[in-house]
Amino acid sequence: MTIPSSTTIRSYGVVSFQDVRSVMMRDDLYSMLIAVDLMQDDPPVVKADASLLEALNVFTQSEIHHLPVVDNTPNDRLAGIITRSSLMEHYSQELRRKMSL
C-alpha cells in the first residue's frame with residue numbers, strides 16, 4: 001500500500017491480486033477488509049540504481065509479479081514499480097543485443 005503525503009510517498013506494503021482473490025468470494029469478509037488487512041509488510045524492493053540482474057534476482061527469489069523501486073533517500077521513497085514481464089522483456093532485448101555484437 002502506498003500512502004502519499006504532501007512531501008513524500010512511502011511504500012508500507014503491497015496488496016497483490018492473489019491476496020484479494022483469497023477473500024473476494026467471501027461476502028462476510030470482503031466488505032469488512034481494508035488494504036492494511038491484506039497487505040504484505042516489508043515487500044521486497046530494489047533501489048532505483050539497481051542493475052537489471054539485481055532486480056531479476058529479487059523476482060526469482062520471490063513469487064511477486066510487481067517489484068517496488070525506491071529512491072536512494074533515507075526514507076526509501078517509492079520511485080516506481082517494475083513488473084516481472086517488463087523486466088523479462090528488457091532482459092530478452094539485452095540478450096539479443098549482446099548476441100548480435
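User: Which residues make up the largest nonpolar core?

Analyst: In soluble globular proteins, nonpolar side chains tend to be buried together. In this model, which is predicted, the largest nonpolar core consists of 9 residues, namely Val-46, Ala-55, Leu-56, Val-58, Phe-59, Ile-64, Leu-67, Val-69 and Leu-87. Helix H4 and strand S6 (66-70) each supply at least two residues of this core, and H4 gives the most, with 4 residues. Ala-55, one of the core residues, is in contact with Val-46, Leu-67, Ile-82 and Leu-87, once its neighbours within four places in sequence are left aside.

User: Why is S6 largely enclosed by the rest of the structure?

Analyst: Buried here means under 20% relative accessible area, and S6 is largely enclosed because 4 of its 5 residues are buried. As for its pairing, S6 runs parallel to strand S5 (residues 46-47) over 2 bridges, with Lys-47 opposite Val-70, whereas 5 bridges join S6 to strand S7 (residues 78-83) in the antiparallel sense, where Val-69 has Gly-80 as its bridge partner.

User: Turning to the surface, which residues form a nonpolar patch there?

Analyst: The patch is formed by Leu-52, Met-88, Tyr-91, Leu-95 and Met-99, which together have about 470 Å² of accessible area. Helix H5 (residues 84-99) contributes the largest share, 4 residues, while Leu-52 is found in H4 (residues 52-60) and is partly exposed, with a relative accessible area of 30%.

Technical notes: Residues are numbered from 1 along each chain as its sequence is written. This is a predicted model: local features need pLDDT of at least 70, side-chain atom pairs count only at pLDDT 80 or more; totals for chains, interfaces and linings use all residues. Side-chain values use heavy atoms; hydrogens and water are left out. Patches are made of residues with over 30% relative accessible area and no salt bridge: like charges are joined within 9 Å, nonpolar side chains (Val, Leu, Ile, Met, Phe, Trp, Tyr) within 5 Å. Accessible areas come from the Shrake-Rupley method with a 1.4 Å probe; for residues, only the protein chains shown count as cover. A salt bridge is a side-chain nitrogen of Lys or Arg within 4 Å of a carboxyl oxygen of Asp or Glu. Buried means under 20% relative accessible area, exposed over 50%, partly exposed in between (1.4 Å probe, protein chains only). A nonpolar core is a set of buried Ala, Val, Leu, Ile, Met, Phe, Trp, Tyr and Cys residues joined through side-chain atoms within 4.5 Å. Contact means heavy atoms within 4.5 Å. Two strands pair if DSSP finds at least two bridges between them.
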